[in-house]
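Good morning, and thank you for coming. Please look at the sequence and the structure on the screen while I take you through a few points of packing.

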Amino acid sequence: MADAPAPREMGWIGIVRCGLVQVALGAVVVLTTSTLNRVMVVELALPAMLPGALVGFHYAVQLSRPRWGYGSDMGGRRTPWILGGMAVLATGGLLAALATYLMGDALTLGLVLAVLAFLLIGAGVGASGTSLLAFLATRVAPERRAAAATICWLMMIAGIAVTAGVAGALLDPFSMERLLAVSAGVTLAALALTGATLFRLERTTRALGDGRPASREPGGAKPAFRTVIAEIWAEGDARRFTLFVFASMLAYSMQDLILEPFAGHVFAMTPGQSTQLAGTQHGGVFVGMVLVGIACSGWARGRFGTLRDWTIGGCLASAAAIAALALGTFAGPGWALQANVFLLGLANGAFAVAAIGQMMNLAGAGKARREGVRMGLWGAAQAIAFGLGGFLGTVVVDAMRALFAADALAYAVAFSGEGLLFLISAALAARVRAPSARPVRHARATDTPSPAH
């Protein structure tokens, strides 16, 4: 009987296939956090704090990310966790649409179902997203990781944009029944895309490392979850990188809910103009991500700085751009706002994708290979920061406006706080050492761990 073909190193096609999973994730999430948010507030005339609380709840659920990463480490295979997480996410997305439908006639029942739905959404995103990042960290060669991070995140952004456009067109003329139908179509398509994308991908690509499943100690013992978490937190670089992720993502998300109101209050922009301003920022993020992907991959790798350098530099540039924005609040309409916001997006995109690439490098570092748990720990830190950041920015602006009745001062204080957080993030990133090169042995086909692991 002929031997099965030996697994190959994951190439660009494999990376793009992982990016398609990110597309599926983004498609379901944008439907639940954006479209359903608008329907609850506008069509159903419910308080805006209701969808805000549900979205915050889904971030809180993602504190379970380390546990999902531990599960995928223990099993020795990532595919069941990625696909299973997507199934949970899709179920949650469909239930969220059904809950919104029910709120029109049976508010209490709809609210109860919505809580369950967003619980599933948070768990699904945590399980699928964490396991996917761990899979990339163990299958993508170091010289391709910056490009892999760029490809996957840009594909996710593209998936969000395409889903928003297509779903928006299909929802007109709007009805609650049409909302259910579109939600069902998006969630089923996302689940089918994930299944087709992952088919045989793990079996036909080989893992980097020493050939030993991350779930086992040299003696074959299975460590407890608390033991693994304690071991990882005792690692200086893992602990400092966790603090960096929290601080940088807190700063990154603080501007989300105040940038467009700032444009209206201080620069008298119309809703259409402020939306275009947000588009300018996202354009800058796109360019920044592409820039790092090119500068840290292939022939350019090492010529224009390391991922660590781009992480630190991106945080410093973000602090400078946000400081300029704080100054611009007092300059008023004469300020080059579009250019300032584009540069802010550029710096944000650069540090974000560099940090993701560095995360992949650090995931396999340490005394024992625990890629899933490390990714889960950092994902949990990011989720907490995202849940707090947008809320914190609005609280600072509201408090300052109430105290001083001065829009410019209120936004300047909020932006200054964000800039300070970016400086702290840069200092934390500077304290994280680049992982030392380790001997790499590719696992043979016969080394592939069985599901029993």
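In this predicted model, the largest nonpolar core has 65 residues, and those touching the most other members are Met-10, Cys-18, Phe-241, Phe-244, Val-245, Met-375 and Trp-378. Leaving aside residues up to four places away in sequence, Phe-244 touches Thr-311, Cys-315, Phe-351, Ala-355, Ser-425, Leu-428 and Ala-429. Another core, of 31 residues, lies apart from the largest one; Ala-27, Ala-99, Met-103 and Ala-190 are among its members.

I turn now to a pair of helices. How do the axes of α4 and α7 cross? They come within 9 Å of each other, at an angle of roughly 180°, which means that α4 runs roughly antiparallel to α7. On the α4 side, the contact includes Ile-82, Leu-83, Met-86 and Leu-94; on the α7 side, Leu-179, Leu-180, Leu-191 and Leu-198 are among the residues involved. By residue class, this contact comprises 16 nonpolar, seven polar and one charged.

Finally, I come to helix α3, residues 65-75. Nine of its eleven residues are buried, so the helix is largely enclosed by the rest of the structure. The buried residues are Arg-65, Pro-66, Gly-69, Tyr-70, Gly-71, Ser-72, Asp-73, Met-74 and Gly-75. Against which helices do the buried residues of α3 pack? Their partners are α4 (79-103), α5 (107-139), α9 (225-233) and α15 (371-404). After α3 comes Gly-76, with a positive phi near 80°.

Terms used. Residues are numbered from 1 along each chain as its sequence is written. This is a predicted model: local features need pLDDT of at least 70, side-chain atom pairs count only at pLDDT 80 or more; totals for chains, interfaces and linings use all residues. Side-chain values use heavy atoms; hydrogens and water are left out. Buried means under 20% relative accessible area, exposed over 50%, partly exposed in between (1.4 Å probe, protein chains only). Helices (H or I, at least four residues) and strands (E, at least two) are DSSP runs, numbered from the N terminus. Contact means heavy atoms within 4.5 Å. Axes are lines fitted to C-alpha atoms, for helices over the stretch in contact, and angles run from 0 to 180 degrees between N-to-C directions. Angles under 35 degrees count as roughly parallel, over 145 as roughly antiparallel, 65 to 115 as roughly perpendicular and the rest as oblique. Ala, Val, Leu, Ile, Met, Phe, Trp, Tyr, Cys and Pro count as nonpolar, Asp, Glu, Lys and Arg as charged, and the others, Gly among them, as polar. A nonpolar core is a set of buried Ala, Val, Leu, Ile, Met, Phe, Trp, Tyr and Cys residues joined through side-chain atoms within 4.5 Å.
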